[in-house]
Amino acid sequence: MTQVKAYAAVSATSGLTPSTIERREPGAHDVEIAIEFCGLCHSDVHTIRSEWGPAKYPLVPGHEIVGTVSRVGDSVEGFTVGERVGVGCMVDSCRECDSCLEGFEQYCEVGNVGTYGAVDRRNGGTITQGGYAQGIVVDENYVLHIPEGMDPAATAPLLCAGITTYSPLRYLDVQDGDKVGVIGLGGLGHMAVKIAKALGATVTVFTTSPAKTTDALDLGADHVVISSDPSAMAGAKASLNAIIDTVAAVHDLNPYLRTLARDGALIQLGLPSEKMPPVEPGLLIRKRLAYGGSLIGGIAETQEMLDFCAEHGIVSDIELVTAADLDGAYDRMVAGDVKYRFVLDTATI
Ligand code: NAP
Ligand code: ZN
Ligand code: ZN
């Protein structure tokens, strides 16, 4: 076992405090990573504050991890010491079910093993601990290569916010000339704008924050709609082919469904802790609309996304925070005050 410094929550109301956790010695197929940066995802907030049900405390969150390889197990072939690598939202899955075999490990039928707060079935049933830490040990099948030249801090959010938006955009086969809406300009939302633009789409941002209008346009959006303004929403009626919904709080989807054209689809990514108002079936039926959801992305698809982002010069717009700033950053995220992803500099732990 190796001791590493980390920041952990001990209860839903404790906030994040300094802690020391144990990492296993790298097994034959393991990669040990010296973590440099870890993005702050709204899922970390939901989990740590037990908004999705009681969390397993003490718990170190963080699943947007970038660092360098410090040791490798004897049988590791794909990674070398010193290489820059990433870890996203899962560190294992059953590797045998149809989903795993088809590269959809996130939908593993036994359950993917989340990077934090999950039972680590292959490692003694301990609870996984995430990336607000100075090191981690992960099976090489769940480690990603960070392409040369990418800024490590600004690349960290791609490991969740990037893949979570890339996957549904690719699933919907978004391409040149398509019209894509993005609801919510936060961590996921700003990545959805950049990736949809790179795929050739015309992008409309729906935001509750008029102050984000200029930023949305600077990020590449073609149109910005203030979602609380009924006349602006009416102006967008039947204009879009696909919508990526990244809102972390309860909201009514029906006004957004009205902005879809025939055969359009709304994919929900945000997972609020409370029930959402029901979708009106008539809206779906009258224009053959689809309403669905999507969970992160598979490992091969995550690598594909990283390579795509490298090719298109895409990284996240970040604000670097110290470990002592974590609680304040969470409060700002909940208030929608994020430009557009907080990233923890693990040297400050
Ligand atoms: P975030 O950075 O906090 O962004 C969420 C954005 O939603 C806010 O910036 C805000 O944008 C908008 N918003 C917040 N409250 C709102 C409200 N009451 N009404 C309307 N809009 C509101 O969060 P994130 O990290 O992008 O995560 C977003 C959600 O996705 C979270 O629920 C998270 O758990 C979930 N998530 C899901 C997956 C998945 O696999 N499906 C993966 C990662 C995260 P504006 O100011 O522009 O309105
Ligand atoms: Zn996340
Ligand atoms: Zn599986």
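**How the labels were reached**

Author: Pro 58 lies in the loop between α1 and β4 (65-72), where helices (H or I, at least four residues) and strands (E, at least two) are DSSP runs numbered from the N terminus. The peptide bond from Tyr 57 to Pro 58 is cis, with omega near -5 degrees. This is a predicted model, in which local features need pLDDT of at least 70 and side-chain atom pairs count only at pLDDT 80 or more, while totals for chains, interfaces and linings use all residues. Residues are numbered from 1 along each chain as its sequence is written, chains are lettered from A and ligands numbered from 1 in the order in which they are written, and side-chain values use heavy atoms, with hydrogens and water left out.

Reader: Which atoms are the protein donors of the zinc ion (ligand 3)?

Author: Donors are N, O and S atoms within 2.8 Å of the metal (3.2 Å for Na, K and Ca), and water is not among the atoms, so sites may look incomplete. The SG atoms of Cys 94, Cys 97, Cys 100 and Cys 108 lie 2.3 to 2.4 Å from the zinc ion (ligand 3) and are its protein donors. Along the chain, these donors follow the spacing C-x2-C-x2-C-x7-C.

Reader: What makes the arrangement of the four donor atoms around the zinc ion (ligand 3) tetrahedral?

Author: Four donors count as tetrahedral if all angles lie between 85 and 135 degrees. Around the zinc ion (ligand 3) the four donor atoms subtend angles of 104 to 120 degrees, and therefore the arrangement is tetrahedral.

Reader: Why is Cys 94 called buried, and why is Ala 238 called partly exposed?

Author: Buried means under 20% relative accessible area, exposed over 50%, and partly exposed in between (1.4 Å probe, protein chains only). Cys 94 has a relative accessible area of 15% and is therefore buried, and Cys 97, with 11%, is buried as well. Ala 238 has 40% relative accessibility, so Ala 238 counts as partly exposed. Ala 238 lies in the loop between α7 (230-235) and β15 (240-245), and its phi is near 55 degrees, a positive value in a residue other than glycine.

Definitions and conventions:
Tetrahedral: all angles 85-135°; square planar, octahedral: opposite > 155°, others 65-115°.
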